[in-house]
Structure formats: structure tokens, C-alpha cells
Amino acid sequence: MSEELVRVYATADSFEGTLTKGHLEAEGITVLLKGEAEGPYRAGPVYLWVTAEDEARARDVIQAIESGAYATSDQDVAAAEAQETAPGEQP
């Protein structure tokens, strides 16, 4: 990868880092995850890197996550499941 990479996120929680990476990728941003200790017990700091071109978009998404804009309620999940179930089918 010849493009410059910029660190846009760091966390001590590997689960949170992986979720944030997923949100960024869902928005079409390619993410490089560094850190996260290897082995069966993944722990340790996580750093997310994106291209300089995607930095502003990535920071906007991270800000939205931190503000709660990506939060879902049980009602949101139930509504999404209902939409996925075709008429006449059981969930």
C-alpha cells in the first residue's frame, strides 16, 4: 500500500476496536487494524489506520459512534428482523 496511513482511533478494548473497524468498513472505508495481542485471549491496545484520503470521513464516523448515533435499541433490532422475514414465514 503506497498511500500514507493515518491513525484515527486507539483503544485499550480490543472488542471496541473491532466494532469500530466494522462500522468504518460498513461506510466503505478500508481500515488497517494494528495491535490486539495474538493468541486465544485477544487483549491489549488496538489502533485503527486509514488512508489520508479517508481520514476526514473516518473521523466523522467515529464521532457519530461516540455520540450514540450508531446505537440501536431492542425495537430497532425487532423491526429489522421483521423486515427480513418474508410474509408467511416464521422468524
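In the predicted model, Thr 51 counts as buried, because its relative accessibility of 9% falls under the 20% limit. This residue is found in strand S3. Leaving out residues up to four places away in sequence, Thr 51 touches Glu 3, Glu 4 and Leu 5.

Glu 3, one of these contacts of Thr 51, has its place in the segment before S1. Glu 3 and Val 50 are separated by 47 residues in sequence and by 9.4 Å in space. For Glu 3 and Ala 52, the corresponding values are 49 residues and 7.5 Å.

Ala 52 itself is placed in the loop between S3 and H2. The residue is partly exposed, at a relative accessible area of 36%. When residues up to four places away in sequence are not counted, Ala 52 touches Glu 4 and Val 6. Glu 4 is also among the residues touched by Thr 51, whereas Val 6 is a member of the largest nonpolar core.

This core has 12 residues. Its members are Val 6, Val 8, Tyr 9, Leu 24, Ile 29, Val 31, Val 46, Leu 48, Val 50, Ala 58, Val 61 and Ile 62. At least two residues of the core are supplied by each of strand S1 (5-11), strand S3 (46-51) and helix H2 (55-67). Apart from its neighbours within four places in sequence, Ala 58 is in contact with Val 8, Leu 24, Ile 29 and Val 50.

Thr 11 lies in strand S1. Its relative accessible area is 13%, so Thr 11 is buried, the limit being 20%. The side chain of Thr 11 reaches the backbone nitrogen of Asp 13 at a distance of 3.1 Å. Beyond residues up to four places away in sequence, Thr 11 touches Glu 16, Gly 17, Gly 44, Pro 45 and Val 46. Of these, Val 46 belongs to the largest nonpolar core. Gly 44 is 33 residues from Thr 11 along the chain, and the C-alpha atoms of the two residues are separated by 8.5 Å.

Aromatic residues were also examined. A search of the whole structure finds 0 aromatic pairs. A ring does, however, take part in an arrangement with a charged group: the charged end of Lys 34 sits over the ring of Trp 49, at 5.2 Å from the centre of that ring.

Over the protein chain as a whole, the secondary structure comes to 3 helices and 3 strands. Along the sequence, these elements follow the pattern β-α-β-β-α-α. Among the contacts with a separation of 6 or more, 62% are accounted for by residues 24 or more positions apart. The chain has 91 residues, of which 21% count as buried; Thr 51 and Thr 11 are both described in this way. The accessible surface of the protein chain comes to about 6500 Å², and carbon and sulfur atoms contribute 50% of this area.

Technical notes: Residues numbered from 1 in each chain as written. Predicted model: local features only at pLDDT ≥ 70, side-chain atom pairs only at ≥ 80, totals over all residues. Heavy atoms only, no water. Core = buried A, V, L, I, M, F, W, Y, C linked by side-chain atoms within 4.5 Å. Buried < 20%, exposed > 50% of the residue type's maximum accessible area, 1.4 Å probe, protein only. Helix = DSSP H or I, 4+ residues; strand = E, 2+ residues; numbered from the N terminus. Contact = heavy atoms within 4.5 Å. Polar contact = N/O pair within 3.5 Å; in protein donor to acceptor, adjacent residues only side chain to side chain. Phe/Tyr/Trp six-rings, centres within 6.5 Å; stacked < 30°, edge-to-face > 60°. Lys NZ or Arg CZ within 6 Å of the ring centre and 35° of its normal. Areas by Shrake-Rupley, 256 points an atom, 1.4 Å probe, with all protein chains shown as cover.
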